Amino acid sequence: MLHKLIRRKSERQNQSLAERISLSKKEQIPGHIAIIMDGNGRWAKKRALPRIAGHHEGMKTVRKVTLLANELGVKVLTVYAFSTENWKRPKLEVDFLMRLPEEFLGTYLPELIEKNVRVVMMGENDTLPRHTQEAVRKAMIATKDNTGLVLNFALNYGSRAEIAHAMQTIALQVKEGKLDPSDINENLISEHLMTCDLPEPDLLIRTSGEVRLSNFMLWQLAYTEFWFTDTLWPDFDDHCLLDAVESYQSRNRRYGGLKGEEKN
Ligand code: V07
């Protein structure tokens, strides 16, 4: 009985995936979705599998979510693949993770190219293993002229380090007399972040029940709508993404109404 009550609204209404997609597309689609993909280790543990099996399954979810986001007309999808904190994990796990970009691109790059997806990356590139750098670099070059979804991998990324680096660059320009301290404003700071070419996220999703930012896009998320779910990342399917997008759209309908009144 209980499971009937907690079934998704879409399922209760017997809405098919196709119906949900076409209904969602009629409303405002978040231009930039950022995702903290948590719960891969827990997914594996539940199945008595090694953690790396969870990471591997999580990689497949990145592909599925990318394809649906692209179909919905999302412009940018940022996924937190590896944080600067993640180096503290056991060496074997880190080594496995550092092979995932190659595996992901080796398997899915042709499909991403066919779907007009552009691959970009933000994070500290220099301290990644050579083989990882090379795989990502090749994918970025192969997709640089694509005009569909921008798939932005946060890889070896930390937001405070990003902000500190921006401050160093700005401070140097002040020291050299190219900038005056009074020139430092919000826009200038945004222009020195790794996201300088991207719009700010409209929607942040974090899976697996954790409710914190974990040093992810602290500056860029100032006005972003947040969506948290208990679903583990490898279990995050098309319906889950549509739940998040529909929630965003319902919040935006209220906000949009106010903006409309202001215009008159
Ligand atoms: C990683 C799978 C997703 C869940 C979170 C952790 C494990 C895709 C990539 C990737 C990165 C760069 C790129 C292409 C693919 C990836 C890491 C971990 C380190 F250009 N998934 N994934 N990278 N996981």
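Which residue in strand 2 does Ile 33 stand opposite? Ile 33 stands opposite Leu 77. The views below start there.

This is a predicted model, in which local features need pLDDT of at least 70, side-chain atom pairs count only at pLDDT 80 or more, and totals for chains, interfaces and linings use all residues. Residues are numbered from 1 along each chain as its sequence is written, and side-chain values use heavy atoms, with hydrogens and water left out.

**View 1. Strand 1 between two partners.**
Strand 1 covers residues 32-36. Helices (H or I, at least four residues) and strands (E, at least two) are DSSP runs, numbered from the N terminus. Five bridges join strand 1 to strand 2 (residues 76-83), and the two run parallel. Four bridges join strand 1 to strand 5 (residues 203-206), again in parallel. Two strands pair if DSSP finds at least two bridges between them. In strand 5, Leu 203 is the residue opposite Ile 33. Five of the five residues of strand 1 are buried. Buried means under 20% relative accessible area, exposed over 50%, and partly exposed in between (1.4 Å probe, protein chains only). His 32, Ala 34 and Ile 36 lie on one side, Ile 33 and Ile 35 on the other, and both faces are covered.

**View 2. Ile 33 and the nonpolar cores.**
Leaving aside neighbours within four places in sequence, Ile 33 is in contact (heavy atoms within 4.5 Å) with residues including Val 74, Val 76, Thr 78, Ile 205, Leu 241 and Val 245. The largest nonpolar core has 45 residues. A nonpolar core is a set of buried Ala, Val, Leu, Ile, Met, Phe, Trp, Tyr and Cys residues joined through side-chain atoms within 4.5 Å. Ile 33 is among the residues with the most contacts inside this core, as are Ile 35, Leu 72, Leu 77, Phe 104, Leu 151 and Leu 241. Helix 6 (residues 91-114) gives the most to this core, with nine residues. A second, separate core has 10 residues, including Ala 34, Ala 154, Leu 204 and Phe 216. In soluble globular proteins, nonpolar side chains tend to be buried together.

Helix 8 (residues 159-175) has 17 residues. Its first and last C-alpha atoms are 24 Å apart, close to the 24 Å expected at 1.5 Å a residue. The expected span is 1.5 Å times one less than the number of residues. Ser 159, Glu 162, Ala 166 and Ile 170 are the buried residues of helix 8. Seen down the helix axis, they fall within an arc of 65°, so they line one face. That arc is taken from the directions from the helix axis to the C-beta atoms. An α-helix has 3.6 residues a turn, so residues three or four places apart point the same way. Strand 4 (150-157) and helix 9 (186-191) are among what covers the buried residues of helix 8. On the other side of helix 8, Arg 160, Gln 168 and Lys 175 are exposed. Gly 177 follows helix 8, with a positive phi near 80°.

**View 3. Thr 143 in its loop.**
Thr 143 sits in the loop between helix 7 (130-142) and strand 4. Is Thr 143 buried or exposed? Thr 143 is buried, because its relative accessible area is 0%. Its side chain reaches the backbone oxygen of Ala 139 at 2.8 Å. Not counting residues up to four places away in sequence, Thr 143 touches Leu 109, Ile 113, Val 117, Arg 118 and Val 119.

**View 5**
Four of the five residues of strand 3 are buried, so the strand is largely enclosed by the rest of the structure. Five bridges join strand 3 to strand 4, and these strands run parallel. Arg 118 stands opposite Val 150 in strand 4. Asn 116 lies in the loop between helix 6 and strand 3. Asn 116 has a positive phi of about 70°, although it is not a glycine. Its relative accessible area is 27%, so Asn 116 is partly exposed. Asp 126 is in the loop between strand 3 (118-122) and helix 7. Asp 126 is exposed, at 66% relative accessible area.

Key
A polar contact is a pair of N or O atoms within 3.5 Å; within protein, one must be able to donate a hydrogen and the other to accept it, and residues adjacent in sequence count only if both atoms are side-chain atoms.
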